[in-house]
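Here is a short briefing on one protein model. Look at the sequence and the fold, then work through the points below.

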Amino acid sequence: MNPLQQLYLQAIIKHQEQEKVKQEEQVLKQNNEIQKQQQLLSLMSYQTNNLIEKKAWSLIDIQNRVTQYFQQQVLRKQVVRINNCIDYHLPYFLNVLGNLIIHGLDQIQGETEQIAILKTSFIAQPIQITMSSSLFQTLSLLLRSQLVQYDKGTQYLSKFLIFRDDFCDIFFNTLYQYSISSNQQVSQQLSFAQLNSMIKKQPEDIWGTFIFKLLSQQQQKLDKDQFLVQFNQYTVYMNNFFKKSNLIFDVVENSVKQTAQIHNDSIFQEYLLIMGSFKATTQDFLKKATSVYFDEQNDEIDLNEFNIRTQRIHKQMNCSILYILPMLLQIESHMIDLIQQDRYNENVQVKNSSNYYLKMIERLKNKCVYNGEDECNCKKCQCIRRNRNSAKESQRKKREALEKIGPLQDAYEELQKKIKVIENENETLRQLLTDLFKHPTVSQLSPEFIEPLTKVIQDTDPVQHSSSYEC
């Protein structure tokens, strides 16, 4: 077990022990906050005119009745037909949600004046619409079930990230805020303003705030143990997202089959970059993050410090690995907006490069994010580990062989040097004898003397000597 695994297991054990204490503290803190707010509300004076007296239902009461209506539609599998009554520029998915909620208000019986006021307010300022947890989950289920008839873009919402059953709770639990109604009811609400800010990325640090709340579970501080546990869970969610069918993949696949007239290379390229970055850098990011976010002096960090250090890590690694979830939400929203705005004319022939993107996505889908780490037991990681172990064994044997032949190598090099010296001496002697036989006096000597010397010269030929050594 490597040090990172040991650290991770220790973090899980410690996190489980601290989680109970933190939950109790959080409940106590929330109760105290609610009591303070209720005391403050009780001290405030309200004008007791007829309009106020008629407002018997709180916002959460109305939301519950709207939720019940849509739950019945889901159970009966009845299609909800809506028309656009919002003249306000919003991302397409928020426009559909707003029209659904307004349609739900029209189905409520009783308190007609109060509901009419609320409906008028929503139509004029839909950005102020908020949703309770049950209402948001019910609307997500309605859209996933394709039980909404609005226009041609509605079908794509069934795979939209924020409405998926494995992500709708994550977005709500990370983005909700507490709301107190006029009758002092406290509820958790997800607002259109928050979701719109996530799409526009305004303010600039909203994605960092979102990820901090996700990892810290809405706490003010994030410690090392909690970071390791929550980042591992975050990795699992994103890994499953890329493995399963999703909105971008379906559009690319349909484009290849020529059943969708959308070929947006910029969105496909961005999706590939996000997917490739996640697959390639997640484990490297985790190793770097544990040392950058936390040190011996800082066991925990707040939101401001988290954003500063996240930007530092992303800059060093030339990626935005931690912002993958909000980035995917943004590009999926942009794609649906393009489809809904009908920017792609079906009569215009466009170059279809979707097959390339489909092949690249399929290739990346087969790449495991753990890249052979012991945390994963998939076939891909097992194969990578076997190859790594085989390479390590091969390197070990090579080192051992080099250690054994080291002295022989030194002796061989020394012998080569001696051979070079002898060859040089032989060459000098051969040249002297050749010059000697060219002298007129020596050439007239007895053949009995010349023949042995000629044989000596032939025997000392460099080519023959080298060949005999090599053999």
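Helix α6 covers residues 133–144, which makes 12 residues. Its first and last C-alpha atoms are 16 Å apart, close to the 16 Å expected at 1.5 Å a residue. That expected span is 1.5 Å times one less than the number of residues. Helices here are DSSP runs of H or I with at least four residues, numbered from the N terminus.

This is a predicted model, in which local features need pLDDT of at least 70, side-chain atom pairs count only at pLDDT 80 or more, and totals for chains, interfaces and linings use all residues. Residues are numbered from 1 along each chain as its sequence is written, and side-chain values use heavy atoms, leaving out hydrogens and water.

- The buried residues of α6 are Leu135, Phe136, Thr138, Leu139, Ser140, Leu142 and Leu143. Buried means under 20% relative accessible area, exposed means over 50%, and partly exposed lies in between (1.4 Å probe, protein chains only).
- The axes of α6 and helix α7 (residues 168–175) come within 10 Å and cross at roughly 155°. Axes are lines fitted to C-alpha atoms, for helices over the stretch in contact, and angles between N-to-C directions run from 0 to 180 degrees.
- α6 and α7 are therefore roughly antiparallel. Angles over 145 degrees count as roughly antiparallel, under 35 as roughly parallel, 65 to 115 as roughly perpendicular, and the rest as oblique.
- On the α6 side, the contact uses Ser133, Phe136, Gln137, Ser140 and Arg144. On the α7 side, it uses Cys168, Asp169 and Phe172. Contact means heavy atoms within 4.5 Å.

- Helix α9 (residues 206–216) packs against helix α10 (residues 224–243) at an angle of about 110°. Their axes are 8 Å apart.
- α9 and α10 are therefore roughly perpendicular.
- From α9, Ile211, Leu214, Leu215 and Ser216 meet Gln226, Phe227, Gln230, Phe231 and Tyr234 of α10.

**A buried glycine**

- Gly98 belongs to helix α4 (residues 92–106).
- Gly98 is buried because its relative accessible area is 0%.
- Leaving aside residues up to four places away in sequence, Gly98 touches Ile86, Ile129 and Phe192.
- Gly98 and Thr130 are 32 residues apart along the chain, and their C-alpha atoms are separated by 9.5 Å.

**Salt bridges**

- Side chains of opposite charge can pair when their charged atoms come close.
- The whole structure holds eight salt bridges. A salt bridge is a side-chain nitrogen of Lys or Arg within 4 Å of a carboxyl oxygen of Asp or Glu.
- Asp166 and Arg164 form one of them, at 3.2 Å from N to O. Both residues are buried.
- Lys201 pairs with Glu204, with the closest N and O atoms 3.4 Å apart. Lys201 is partly exposed because its relative accessible area is 23%. Glu204 is exposed because its value is 59%.
- Glu400 and Arg396 meet at 2.5 Å from N to O. Both lie in helix α16 (residues 379–437), four residues apart, about one turn of the helix. Glu400 is partly exposed at 34% relative accessibility, and Arg396 is partly exposed at 31%.
- Shared partners join Glu393, Arg396 and Glu400 into one salt-bridge network.

Definitions and conventions:
Helix = DSSP H or I, 4+ residues; strand = E, 2+ residues; numbered from the N terminus.
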